[in-house]
Amino acid sequence: MGAEAIAEAAVDAGLEAYFGYPITPSSEIMENLALLYASHRNDKFKVYFQSASEVESINLLMGAGAAGHIAMTATSGPGLSLMAEGISYAYTSEIPLVIVNVNRGGPGLGNVAPEQSDYLFVTKSLGHGGSKAIVLAPSSIQEAMNQVRMAFELSFKFRIPVIILTDAIIIHMLESVDQDHLLPVSVDSGWSARGRSGGERHLINSIYLEPDEFRKIKVKLEEKWKAIEPLSDCFMCDDAETLFVAYGISARIAMEAATELRERGIRAGVFRPITLNPFPGKMLMDAARNSSRIIAIEMNEGQMVHDVQYWVRRDVELVPFIGGIYPDTEEVIEKCK
């Protein structure tokens, strides 16, 4: 199951601390990590803590990250909202941490069915003051496992929060996976705050009272952001007249639709952003250069479509699935007639 796979991948990658508060549909990740912690599967996994709230979780996560430890949490939309302030602090303080956000229907309490309606939140407004996070979007359980390791590596390489944006379908479905290649990550934590007994002391801070000093910090953060390489995948894009753009589980529905359309004589393909932030805009431009129709498929009212339109500079059609309704291949095909 997806939740089990993510937990297994985290421990195999060298997870040292997990802080979390239960919230459906992410709770199974926490439950599986509790079992792995109790089994002593990896001696590095020393801390498993059920916090009193998501606010506490993110602050504990910042503390572990500031000390150079590989740490993570998992939550769903309302919980991520409560973490936004801490994520902003972590971004400016350059603290590595990983959050798995299992997107559920919203806003408000919404429902626990799958949606992709946190897209704008995690890519455009994840906290205050222009804070950002790298956002990864798996489309399979195998990719979710691989991205856990990738998330730890990226968070330490760039000293930045990383969000894995998934949904209840990937968390709850079953697939075969290959775990043999999941090796522990190697991270550099020489910059971390280790206290007097750990050598040189380093200040981890997000407040800079002098504007000139703060300007230097923000310029540094922006330059670092520009060095992060976006990732994407193309499925039959080379000669596609109709190009679907979709991520996560929606991309798999789009691939089914594209395959069916090819059998009906319509050259269709799928462009899949793997990093939602930074968005692979230039890669999309290249993939769409020969397409006469571009269609965004999303499990929301239309959020990623704005990024797609910005990069291709022309009209983009939208096939939305909202309220926890699963994407339907036939509905996507019908849109293309």
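1. Quick ground rule before the sheet: two strands count as paired if DSSP finds at least two bridges between them. Helices (H or I, at least four residues) and strands (E, at least two) are DSSP runs, numbered from the N terminus. With that in hand, Leu 243 stands opposite Gly 269 in β9. The strands involved are β8 (residues 242–245) and β9 (residues 268–273), which run parallel and are joined by 4 bridges.

2. A word on where this comes from. This is a predicted model, in which local features need pLDDT of at least 70 and side-chain atom pairs count only at pLDDT 80 or more, while totals for chains, interfaces and linings use all residues. Residues are numbered from 1 along each chain as its sequence is written, and side-chain values use heavy atoms, with hydrogens and water left out.

3. Now the sheet as a whole. It is open, has 5 strands in the order β7-β9-β8-β11-β12, and its pairing is mixed. Which strands stand at the edges? Those are β7 (232–235) and β12 (317–320); each has a single partner strand, so one side of each is left without a neighbour in the sheet. From one strand to the next, the twist averages 20°. For angles like this, axes are lines fitted to C-alpha atoms (for helices over the stretch in contact), and values run from 0 to 180 degrees between N-to-C directions.

4. Two helices to look at on this sheet. Helix α9 (residues 248–263) packs on the sheet and touches β7, β8, β9 and β11 (293–298), its direction making about 165° with that of β9. Helix α11 (residues 304–312) packs on the sheet too, touching β8, β9, β11 and β12, and its direction makes about 155° with that of β11. Contact here means heavy atoms within 4.5 Å.

5. Have a look at Leu 276, in strand β10 (residues 275–277). Is Leu 276 buried or exposed? Leu 276 is buried, at a relative accessible area of 1%; the cut-offs are under 20% for buried, over 50% for exposed and partly exposed in between (1.4 Å probe, protein chains only). Leaving aside neighbours within four places in sequence, Leu 276 is in contact with Tyr 119, Thr 123, Val 135, Ala 137, Leu 165 and Tyr 247. The C-alpha atoms of Leu 276 and Leu 136 are separated by 6.0 Å, although these residues are 140 apart along the chain.

6. On to charges: the whole structure has 18 salt bridges, meaning a side-chain nitrogen of Lys or Arg within 4 Å of a carboxyl oxygen of Asp or Glu. One of them joins Glu 94 and Lys 220 (2.9 Å, N to O). Glu 94 lies in the loop between α4 (77–93) and β4 (97–103) and Lys 220 in helix α8 (residues 211–226), so the pair ties together parts that are 126 residues apart in sequence. Glu 94 counts as buried at 11% relative accessibility, whereas Lys 220 is partly exposed at 43%.

7. Helix α8 also holds Lys 226 and Glu 223, 3 residues apart, about one turn of the helix. They form a salt bridge with the closest N and O atoms 3.5 Å apart. Lys 226 is exposed at 60% relative accessibility, and Glu 223 partly exposed at 46%.

8. Last one: Glu 241 and Arg 267 meet in a salt bridge (3.2 Å, N to O). Glu 241 is in the loop between β7 and β8 and Arg 267 in the loop between α9 and β9, so the pair ties together parts 26 residues apart in sequence. Through shared partners, salt bridges join Asp 239, Glu 241, Arg 262 and Arg 267 into one network.
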